[in-house]
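Dear colleague,

Please read the notes with the coordinates open.

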Amino acid sequence: MDANELWERACVVLKENIQQLTYEYLIKDNLYPESLENDTLILRNTMEPLKTAVNGLAPEITDAAQKVSGRPLRVEILSRAELQQRVSESREGRQGISLIDRYTFDTFVVGASNRFAHAAAIAVAEKPGQTYNPLFIYGGSGLGKTHLMHAIGHHIQHRFPEKRLLYITSEAFTNELISAIQQGRNPEFRAKMRNVDILMVDDIQSIAGRDSTQMEFFNTFNDLYGEKKQIILTSDRPPKEITPLEERLRSRFDWGLTCDIQRPDLETRIAILRAIAHREYMNVPDDVLESIAVAVDSNIRELEEKMNRLKAYAGMMSKPYSMELCREALREVFEQKHQRAITADLILRTVCSFFTLRQEDLKGSSRRREVVVPRQIGMYLTRDMTNMSLPQIGAFYGNRDHTTVLHACSTIAETILENQAFATQVDDIRKLILEN
């Protein structure tokens with residue numbers, strides 16, 4: 001059974017199991033089979049603004065595909081641009097990854113949460129290799145780290161076209177290294193990584209625990225740094241918290257400038273939503289944008305997803321943008337906002353209940369493992385799920401020093417990477433917190 005036949009049969013099942021309007025608009029007139037390879041069905045999404053809405057149907061689509069094929073299958077839904085990029089990467093896998101056109105300084109919304117990182121990025125773009133080397137930008141997912149990195153790349157390409165620039169994710173760096181080792185192309189790999197003026201590596205934390213990758217990157221770093229070539233790195237955490245990353249790499253990452261990007265404040269979120277509305281030609285009233293900004297306070301990616309859903313819903317309903325339409329399209333967002341806020345007290349109670357411990361145990365001085373590990377999990381989740389600082393968390397957990405909290409968070413993060421069962425346990429606790 002090829003991709004076309006599989007998709008045709010899957011559509012019969014989908015038509016019977018989802019609403020007619022949803023099927024007609026999001027499935028029938030939008031998704032087309034691209035390929036079926038290695039038990040993965042790839043579908044082409046022809047309408048990019050509907051991406052979030054279509055991806056929300058992925059479970060139903062996967063179930064239908066598995067039902068008609070009679071075997072386990074994965075389903076990937078990609079836009080035309082994503083498919084073209086995948087083909088490009090396949091054909092030119094040794095040429096790095098292209099910069100995203102719209103990720104420029106002009107489209108980056110500056111606010112209190114990212115002003116310092118933005119200023120540092122501009123300084124590096126103006127004088128690559130001469131200041132802040134390496135530049136290390138860290139922050140949570142979807143806050144704009146990759147946007148800033150691409151903006152630096154675009155600026156350098158425009159102002160210094162003679163400079164050789166390479167942008168690559170750490171995952172791609174690892175995969176290319178493995179391929180080079182298998183094919184005996186180590187010299188070519190090293191030439192590609194080191195014969196550049198600017199090396200930009202996204203999500204550098206992913207090389208932690210990969211000995212060969214760390215060794216290769218260590219040598220690449222030394223070569224480029226010694227020749228005053230610019231190195232730009234992004235991560236979801238600061239260098240000292242990337243475990244189990246080798247100490248010699250962590251220390252080198254701190255040689256230049258380390259800056260963070262935090263969650264955007266309300267004013268910045270509103271500005272971001274206005275920029276998205278302008279880019280997508282959405283005539284959304286200010287009160288609607290403000291209501292979304294108040295309800296969605298996590299990250300920029302989440303804001304973009306909600307605007308995409310709003311645009312798709314308005315198109316499906318053929319209605320103008322209004323507060324009523326917004327609350328219909330993003331019903332779960334506004335309902336969730338009215339649920340109980342996540343606090344350190346809630347996290348502590350949930351952790352204690354999960355491990356059948358008393359709150360005094362976690363706030364006390366016991367060093368027994370059955371108490372220490374839950375205490376560290378509580379500190380880790382409090383830092384991840386609230387806006388409390390390390391000193392504030394330390395004070396909450398029995399007046400402990402902020403370094404104790406930092407050690408606890410690093411220990412739990414490292415154990416999650418190394419132990420799948422432990423990672424599942426922590427995720428179960430997180431879900432219980434969100435359900436309360």
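The structure holds 28 salt bridges, where a salt bridge is a side-chain nitrogen of Lys or Arg within 4 Å of a carboxyl oxygen of Asp or Glu. Please keep in mind that this is a predicted model, in which local features need pLDDT of at least 70 and side-chain atom pairs count only at pLDDT 80 or more, while totals for chains, interfaces and linings use all residues. Residues are numbered from 1 along each chain as its sequence is written, and side-chain values use heavy atoms, with hydrogens and water left out.

One of the salt bridges joins Glu5 to Arg9, with the closest N and O atoms 2.6 Å apart. Both residues belong to helix H1 (residues 3-17), where they are 4 residues apart, or about one turn of the helix; helices here are DSSP runs of H or I with at least four residues, strands are runs of E with at least two, and both are numbered from the N terminus. Glu5 is partly exposed at 31% relative accessibility, and Arg9 is partly exposed at 40%, on a scale where buried means under 20% relative accessible area, exposed means over 50%, and partly exposed lies in between (1.4 Å probe, protein chains only).

A salt bridge also forms between the side chains of Glu126 and Arg159, at 1.8 Å from N to O. Because Glu126 lies in helix H6 (residues 115-126) and Arg159 in helix H7 (residues 145-159), this pair ties together parts that are 33 residues apart in sequence. Glu126 has a relative accessible area of 29% and is partly exposed, as is Arg159 with 45%.

In the salt bridge between Arg358 and Asp361, the closest N and O atoms are 3.0 Å apart. Here Arg358 is exposed, with a relative accessible area of 51%, whereas Asp361 is buried, with 14%.

Turning to the strands, 4 of the 5 residues of strand E4 (residues 135-139) are buried, so E4 is largely enclosed by the rest of the structure. E4 pairs in the parallel sense with strand E7 (residues 230-235) over 4 bridges, two strands being counted as paired if DSSP finds at least two bridges between them. Within that pairing, Ile137 has Thr234 in E7 as its bridge partner. E4 also runs parallel to strand E8 (residues 257-261), to which 5 bridges join it, and there the bridge partner of Tyr138 is Asp260.

As for the aromatic side chains, rings of Phe, Tyr and Trp (its six-membered ring) pair if their centres lie within 6.5 Å, with planes under 30 degrees apart counted as stacked, over 60 as edge-to-face and the rest as tilted. By this rule the count comes to 10 aromatic pairs. The rings of Phe173 and Phe189 form an edge-to-face pair, because their planes are at 70°, with the ring centres 5.3 Å apart. This pair links distant parts of the chain, since Phe173 is in helix H8 (residues 170-183) and Phe189 in helix H9 (residues 186-194), 16 residues apart. Phe173 is buried at 0% relative accessible area, and Phe189 is buried at 4%. Phe396 and Tyr397 likewise form an edge-to-face pair, at 5.2 Å centre to centre and with 75° between the planes; Phe396 is buried with a relative accessible area of 16%, and Tyr397 is buried at 0%. One aromatic cluster is formed by Phe136, Phe173, Phe189, Phe217, Phe221, Tyr225, Phe253 and Trp255.The ring of Phe396 also has the charged end of Lys363 over it, 4.2 Å from the ring centre, where a charge sits over a ring if NZ of Lys or CZ of Arg is within 6 Å of the ring centre and within 35 degrees of the ring normal. The charged end of Arg248 sits over the ring of Phe218, 3.9 Å from its centre.

Finally, Arg269 is in helix H12 (residues 266-279) and counts as buried at 9% relative accessibility. Not counting residues up to four places away in sequence, Arg269 touches Pro264, Ala293, Val294, Val296, Asp297 and Leu303, contact meaning heavy atoms within 4.5 Å. The side chain of Arg269 reaches the backbone oxygen of Pro264 at 2.8 Å.

Best regards

Terms used: A polar contact is a pair of N or O atoms within 3.5 Å; within protein, one must be able to donate a hydrogen and the other to accept it, and residues adjacent in sequence count only if both atoms are side-chain atoms.
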